[in-house]
Amino acid sequence: MNEKIWLSSPHMGGNEQVYVKEAFDTNWIAPLGPHVDGFEKDLAAFTGTKQVAALSSGTSAIHLALILLDVKAGDEVLCQSFTFSASANPIVYQGATPIFIDSEKDTWNMCPVHLRTAITGRIKKGKKPKAIIPVHLYGMPGKMKEIIQVAKEFEIPVIEDAAEALGSTLDGQACGSFGDLGILSFNGNKIITTSGGGALISNNEAYISKARFLATQARDAAPHYQHSHIGYNYRMSNVCAAIGRGQLEVLLKRVEQRRANYSFYAEALKDIPGIIFLNEPAGYFSNRWLTSITVDPALTGGVTRETIRLALENENIESRPLWKPMHLQPVFEQAPFYGDGTSEKLFEQGLCLPSGSNLDTQSLERVTAIIKSLF
Ligand SMILES: Cc1ncc(COP(=O)(O)O)c(C=O)c1O
């Protein structure tokens, strides 16, 4: 059996163990400590935001963001449909209803036109949505300028899901820093990892200090344990933050390596009609977390994304269909949807190719040789 090629595996930089050892040597083995503080400062500097709370996951960051924006049972929250379920699940944790919005074709992310239609539609039905959750899928920035404009017009706060887009920018500004709140993920498959972890980022310092309070069981200032709010155990461990500090040192290199994967694939497959790559519009800079293609069987002579996926799987290579839109998920069957079929088509035709920053040229060549052999 050929050696396994993973879709996106962790890639340590070298200093992580030095920082983890430091955590052990100083006995900061807790969901607080100097590495947590340091990691938060480094992330704030990197994203150009005022405050960051390091948390146990990106999902917990979205959950806290919704709580900070007072999303409660019976409320409605607008969410990009074309995403991973973690963007939408916390809406339901709060007893609120997700309203799903389709993608546009330029970035595959939330369509500002459908967003506007959804807002006016919901207001007409008597309910103004409490928040908007756009996502930067696979590292490609969404149309944040247009989305923020609509959000401002209707005075609806934005929670920007930048779980896949650390290192991506739009007109030079970091993804995650456009919304009222932004979230990051450091899950094992992300561009940098803390094994598991996430962060909430914002220029609103009051939001972040409240998030830290809620994430540590909402303890009031008292010598005994006193609580006036429901709290959560959502803080990042100092050991995980130690890994994160080592990873942040190599983040720019990781962006370069992932972008090089994209360029390699785009060049190697450029002559195959029907295999289409998503270019960056002017001003958009993607970390190319996952190189994603669409495969149009009408142009490929019948080869589909599934033909390619199975051929790769046969050779011990992991690839994955693009996210199945939330409005097509059985669990969200009842949720309203505003769109035109764009994300459905992307799901039907799209495939993520192996994209780890630790892939060597030989592995990339193995992938492209198999794809080329199908034509
Ligand atoms: C778009 C998106 N949102 C949210 C998350 C949730 O992050 P986490 O796995 O850290 O909870 C992920 C990744 O897992 C993601 O890809």
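Trainee: Which residue in β9 is the bridge partner of L184?

Mentor: Bear in mind that this is a predicted model. Strand β8 (residues 181-185) pairs with strand β9 (residues 198-202) in the antiparallel sense, over four bridges. L184 belongs to β8, and its bridge partner in β9 is A199.

Trainee: Which residue in β8 is the bridge partner of I159?

Mentor: Strand β5 (residues 159-161) is joined to β8 by three bridges, and the two run parallel. Pairing of this kind, parallel or antiparallel, goes through backbone hydrogen bonds. The partner of I159 in β8 is L181.

Trainee: Is β8 largely enclosed or open, and why?

Mentor: In a regular strand the side chains alternate between the two faces of the sheet. On one side of β8 are L181, I183 and S185, on the other G182 and L184, and all of these are buried. Buried here means under 20% relative accessible area. Because five of the five residues of β8 are buried, the strand is largely enclosed by the rest of the structure.

Trainee: Which strands stand at the edges of the four-stranded sheet?

Mentor: Four strands form an open sheet with parallel pairing, in the order β4-β2-β3-β14. Two strands have a single partner each, so one side of each is left without a neighbour in the sheet: β4 (131-133) and β14 (337-338).

Trainee: Which residue in β11 stands opposite L170?

Mentor: A sheet of three strands, open and with antiparallel pairing, has the order β7-β6-β11. β7 (173-174) and β11 (284-285) stand at its edges, each with a single partner strand, so one side of each has no neighbour in the sheet. Two bridges join strand β6 (residues 169-170) to β11. The residue in β11 opposite L170 is Y284.

Trainee: What is the volume of the largest cavity?

Mentor: A search of the whole structure finds two cavities of 30 Å³ or more. Lining the largest are residues including W108, Y138, R288 and S292. The volume of this largest cavity is about 90 Å³.

Trainee: Which domains supply at least three residues each to the lining of the largest cavity?

Mentor: By class, that lining has seven nonpolar, three polar and one charged residue. The domains that each give at least three of the lining residues are domain 1 (16-250) and domain 2 (252-373).

Trainee: How many polar residues are in the lining of the second largest cavity?

Mentor: About 40 Å³ of space lies in the second largest cavity. Among its lining residues are S9, H11, K190, Q247 and S357. The lining has three nonpolar and two charged residues, and its polar residues number six.

How values were computed: Residues are numbered from 1 along each chain as its sequence is written. This is a predicted model: local features need pLDDT of at least 70, side-chain atom pairs count only at pLDDT 80 or more; totals for chains, interfaces and linings use all residues. Side-chain values use heavy atoms; hydrogens and water are left out. Buried means under 20% relative accessible area, exposed over 50%, partly exposed in between (1.4 Å probe, protein chains only). Two strands pair if DSSP finds at least two bridges between them. On a 1 Å grid over the protein atoms alone, a cavity is a set of points where a 1.4 Å probe fits but cannot get out, and a pocket is an open set with protein on both sides within 12 Å along at least five of seven lines; lining residues have an atom within 4 Å of a point. Grid points are joined across faces, edges and corners, and a volume is the space filled by probe spheres set on the points. Ala, Val, Leu, Ile, Met, Phe, Trp, Tyr, Cys and Pro count as nonpolar, Asp, Glu, Lys and Arg as charged, and the others, Gly among them, as polar. Domain bounds come from an automatic or database domain assignment.
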